[in-house]
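The sequence and structure come first.

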Amino acid sequence: MKNFITKGRGTIHFILLAFLVFSFASCSDDDPIQTTQPYDPSKPIVVSDFTPKTGGVGQRLVIYGENFGNDPELIHVYIGGKEAIVIGVNSESLYCIVPEKAYDGTIEIYMGDRPEPLAVGPEVFDYQRKMVVSTLAGDRNERDDQGWFNGHFDVAVGFREPAFMKFDPLNPDHLYVSYDHGPGIYLINFADSTVTQHLTASAGNWGRLRSLDFSIDGEYMIVSHDQWDPNGISTSIMSRTNGFKDPQILTTSRAANGASIHPVNGEMYFNGYEKGEFYRFDVMNSKPVIGDAGLGTKDYETLFLVQDNGWEFNIQIHPSGNYAYIVVVNQHYILRTDYNWDEQRFSQPYLVCGEPRSGGWEDGVGSNVRLRNPYQGVFVKNPDYEEQDDEYDFYFTEQHNHDLRILTPQGKVTTFAGRGSSSINPDPWGYVDGDLRQEARFDQPTGLAYNEAEKAFYVMDHQNRRIRKIALEDE
């Protein structure tokens with residue numbers, strides 16, 4: 001006998017809306033068909049048609065036929081071997097929600113606990129895979145005292161601090177994570193599906209690790225460090241030769257929130273929180289500093305200041321090197337700075353989206369957009385932009401909007417994932433996997449990485465203590 005599955009969470013909003021639509025359609029005075037007779041077991045069930053013919057998980061589907069009855073608890077619909085949620089039924093039509101992973105597309109109708117289908121659709125539903133949010137690793141118990149534990153994705157726990165994530169450019173199976181106030185640098189190894197502590201915070205004398213990047217040849221890892229001492233560690237460097245386990249001080253300054261390498265010319269750009277400084281450092285021509293005892297250097301220049309004191313930001317450089325976004329975390333907006341190729345440096349920035357000191361959640365264009373603590377972003381090539389000069393969208397996390405947003409080259413911002421399931425409760429945060437906008441919820445996501453080969457995003461969902469994945473449904 002078939003095993004009827006429990007209706008999945010995160011679909012209540014579908015149910016309520018669909019039920020209202022179905023009820024209105026079936027009870028309208030203008031509807032000539034008011035057939036609501038119960039199921040007659042002496043007569044066959046017939047499936048004559050359905051609409052639409054194609055769609056993905058969460059698609060609202062109407063099936064037409066005969067002898068469906070009037071009890072949505074009695075009739076069961078399977079699509080591609082997965083049970084659908086039946087919203088309403090009135091003998092000659094029924095309303096249901098397409099389940100996830102209904103790849104086969106065959107529509108089957110069961111009644112009660114009958115083990116065999118009593119009707120099969122005249123054609124298959126063309127199921128289209130959708131991008132969904134899932135959980136890669138991590139867990140949070142009711143007391144939130146699960147601690148940190150290395151191991152396979154199935155057992156690893158931790159992930160409890162804001163973080164920055166970056167794939168090794170020479171080994172796409174290795175995703176490195178630097179933790180703010182956390183235990184150091186972690187390695188997410190997709191080759192063996194494990195999480196391990198790569199370096200302790202004490203190994204580099206770090207208190208608040210912020211961003212993480214690699215030199216253009218991939219031979220060095222560079223991390224930024226937020227230390228209030230004016231002569232404190234602002235960036236550290238490690239070599240591939242020594243397994244990225246030989247941290248040395250690269251630069252000294254007060255409170256760096258981010259450091260990024262220019263993808264073409266190789267110089268490093270980092271910031272200062274105190275006065276909003278935007279620094280340039282020619283790291284590739286500073287090999288003696290890299291190779292010495294690790295005392296660090298102040299041999300860098302200030303290009304400009306971002307607003308006034310206390311501006312926390314990181315720098316996300318476009319793959320072409322033509323420009324960079326300055327993500328101002330604590331003041332809720334994003335600037336753009338264009339690269340001067342003749343002078344090999346970035347120029348004075350200008351606003352792209354958001355409004356300084358005006359946190360909120362609003363999609364739109366430019367200063368009409370409202371952000372709240374944008375954190376880390378990645379550039380992702382958009383195939384629809386093949387005829388444009390700039391082929392990349394910028395995806396970024398928002399810590400206190402609990403979502404991921406998309407920024408286009410034209411300055412338009414839309415919400416990509418998160419804040420779903422609004423019918424469950426009005427709060428935008430939570431922990432729900434599923435459809436990007438209609439179901440998925442995050443709780444203060446920070447780190448974000450993108451694997452181009454598998455077209456997948458990885459998100460550090462730090463208040464949920466989990467690493468989440470956004471990709472096409474598994475086949």
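## Largest cavity

The lining of the largest cavity divides into three nonpolar, three polar and two charged residues. This is a predicted model. The lining residues are Phe-164, Arg-210, Ser-211, Asn-257, Glu-312, Asn-314, Val-329 and Tyr-375.

The space in the largest cavity is about 60 Å³. The structure holds one cavity of 30 Å³ or more.

## Largest pocket

About 980 Å³ of space lies in the largest pocket. Its lining is made up of 37 residues, and those nearest the centre of the pocket are Lys-166, Phe-167, Asp-213, Pro-319 and Phe-379. Two or more lining residues come from each of these elements: strand S13 (163-168), S17, strand S21 (259-261), strand S26 (313-317), strand S32 (374-381) and strand S37 (445-451).

S32 gives the largest share of this lining, six residues. By residue class, the lining of the largest pocket has 23 nonpolar, eight polar and six charged residues.

## Salt bridges

Side chains of opposite charge can pair when their charged atoms come close. The count here comes to 26 salt bridges. Asp-180 and Arg-210 form one of them, with 3.6 Å between the closest N and O atoms. This pair links distant parts of the chain, 30 residues apart: Asp-180 is in the loop between strand S14 (171-179) and strand S15 (184-189), and Arg-210 is in strand S17 (residues 209-214). Both Asp-180 and Arg-210 are buried. A network of salt bridges links Asp-180, Arg-208, Arg-210, Asp-226 and Glu-312. Two residues of this network, Arg-210 and Glu-312, also line the largest cavity.

Another salt bridge joins the side chains of Arg-405 and Asp-363, at 3.0 Å from N to O. This pair too links distant parts of the chain, 42 residues apart, with Arg-405 in strand S34 (residues 403-407) and Asp-363 in the loop between strand S30 (350-354) and strand S31 (364-365). Is Arg-405 buried or exposed? Arg-405 counts as buried because its relative accessible area is 0%. Asp-363 has a relative accessible area of 32%, so Asp-363 is partly exposed. In a further salt bridge, the side chains of Arg-336 and Asp-338 meet at 2.7 Å, N to O. The relative accessibility of Asp-338 is 25%, and Asp-338 therefore counts as partly exposed.

## Asn-401

Asn-401 is placed in the loop between strand S33 (392-398) and S34. Asn-401 counts as buried because its relative accessibility is 3%.

Apart from residues up to four places away in sequence, Asn-401 touches Gly-360, Trp-361, Arg-370, Leu-371, Arg-372 and Arg-419.

## Pro-230

Pro-230 lies in the loop between strand S18 (220-225) and strand S19 (233-239). With a relative accessibility of 39%, Pro-230 counts as partly exposed.

Which residues is Pro-230 in contact with, leaving aside neighbours within four places in sequence? They are Thr-252, Ser-253, Arg-254 and Lys-298. The C-alpha atom of Pro-230 is separated by 10.0 Å from that of Gly-272, and the two residues are 42 residues apart along the chain.

Definitions and conventions
Residues numbered from 1 in each chain as written. Predicted model: local features only at pLDDT ≥ 70, side-chain atom pairs only at ≥ 80, totals over all residues. Heavy atoms only, no water. Salt bridge = Lys/Arg side-chain N within 4 Å of Asp/Glu carboxyl O. Helix = DSSP H or I, 4+ residues; strand = E, 2+ residues; numbered from the N terminus. Buried < 20%, exposed > 50% of the residue type's maximum accessible area, 1.4 Å probe, protein only. Contact = heavy atoms within 4.5 Å. 1 Å grid on protein atoms, 1.4 Å probe; cavity = no way out; pocket = protein on both sides within 12 Å on 5 of 7 lines; lining within 4 Å. Points joined across faces, edges and corners; volume = space filled by probe spheres on them. Nonpolar A, V, L, I, M, F, W, Y, C, P; charged D, E, K, R; others polar.
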